Amino acid sequence: MVTIWWGVLGLLLGGYFALAGYDYGVGLLLPALSRDEAGQRRVLGAVGPFFLANEVWLVAAVGVLFGAFPHLEGRVFAGAYVLIVLLLLGLVTFTAAVQLRSRHPEGNRRGWTFAITAGALVTAVSWGLFLGNLVRGLPLDAQGRPVDDVLALFNPYAVLWGLGFVALFCLQGLVFLAVRGPAEIAGRVRRLTRSFLLPVGVFLVTATVWGAFSGGSWAALAVVAVAFAAYLTVLFGLRRPRLALPAVMLLSACPALLVGVLRFPVVLSSGAGYQLTVDQAATTPDMAAVLGWFAAPTLLVLVVVQWLTWRAHRRPVDEKSLLHY
């Protein structure tokens, strides 16, 4: 049962990165994609129908973390509290700015546009730093207590992940816009997409080679292989955006999946030798059984709503499209 719940958590987090990654990518590149107000509204309109539904995956994942793995939640939040705070600031800023930007039709929107880009940047970097530290090992002592060194969270390997996530989300957002973005930015999207392919490839190779010294399981090698296969699909499939989009979504999900299987059944470790297994992190069997009554219906609703939303808004945005933001 514990392993099943760990798989559910991985599915939710993987789904979150696969879907919300293009939200942050579009936000990061919003000023570069269009200079005029009408164009920027259409760019945001491309992600508008999916925006809140994509964030729900993270809410569900946090609910599973708190309910099924309370001991893991406590250690992670204690060891990476600075990154958690930065991540929340980025998420709140980005989400609020997207929804408030067009609230007043005659208002000045430059400040909100800046907040969208800044919030997306902080969110992307924070996620990269957070997952990079989980791969390397959180700065905890041998008893699992946080060390008094905030700068340890900003080690070179984690910074590599932070920068890599910015490039990865930008690439994902551009491929998404190649499918659903307005026609007038198609040429700019193609040029920017080519410019982000190399940084993402460098991130994949460098993070894999560097991270190999941290050890790993056969499942981790399988996730890395899937990530490279997805990247190659994007690289050679740019002329077919509807093929490249699911590939880049899978690529964005792979880092979270890698963290989950890297040292399994160990789910949290530190450079000082502390280790927390999935059984030690889990809640009681009675609580897991109660949560089980909600898991399957929730996952079913998430998947069905996401699919129906995509079916209803699968065509590219144009002048006649209903713009949510």
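**Around one loop**

Mentor: P265 lies in the loop between α10 and β1, and the peptide bond that joins F264 to P265 is cis, with an omega of about 15 degrees. As background, most peptide bonds are trans. Please keep in mind throughout that this is a predicted model, and that the geometry of this bond is therefore a feature of a prediction.

From the loop we can turn to the helix on one side of it. Helix α10 spans residues 241-261, and two of its residues give contrasting views of their surroundings. R242 lies in helix α10 and counts as exposed, because its relative accessibility of 51% is over the 50% cut-off. Setting aside residues up to four places away in sequence, R242 touches V179, W310 and R314. Between R242 and S102 there are 140 residues of sequence separation, and the C-alpha to C-alpha distance is 29 Å. S252 also has its place in helix α10, but S252 is buried, with a relative accessible area of 0%. Once its neighbours within four places in sequence are left aside, the contacts of S252 are F17, L168, F169 and Q172.

Y22 lies in helix α1, which covers residues 2-33, and F176 lies in helix α7, which covers residues 156-180. A search of the whole structure finds 22 aromatic pairs, and Y22 with F176 is one of them; the ring centres are 4.1 Å apart and the planes meet at 5 degrees, so this pair is stacked. Because the two residues sit in helices α1 and α7, the pair ties together parts that are 154 residues apart in sequence. Both partners are buried, Y22 with a relative accessible area of 3% and F176 with 0%.

The largest pocket has a volume of about 740 Å³, and its lining is made up of 35 residues, of which L9, L13, L65, W127 and F130 lie nearest the centre. Helix α3 supplies the largest share of that lining, nine residues. Sorted by class, the lining has 31 nonpolar residues, three polar ones and one charged one.

The C-alpha trace spans about 60 × 40 × 35 Å along its principal axes, and 52% of the 325 residues count as buried. Finally, among contacts between residues at least 6 apart in sequence, 81% join residues at least 24 apart.

Technical notes
Residues numbered from 1 in each chain as written. Predicted model: local features only at pLDDT ≥ 70, side-chain atom pairs only at ≥ 80, totals over all residues. Heavy atoms only, no water. Phe/Tyr/Trp six-rings, centres within 6.5 Å; stacked < 30°, edge-to-face > 60°. Helix = DSSP H or I, 4+ residues; strand = E, 2+ residues; numbered from the N terminus. Buried < 20%, exposed > 50% of the residue type's maximum accessible area, 1.4 Å probe, protein only. 1 Å grid on protein atoms, 1.4 Å probe; cavity = no way out; pocket = protein on both sides within 12 Å on 5 of 7 lines; lining within 4 Å. Points joined across faces, edges and corners; volume = space filled by probe spheres on them. Nonpolar A, V, L, I, M, F, W, Y, C, P; charged D, E, K, R; others polar. Contact = heavy atoms within 4.5 Å.
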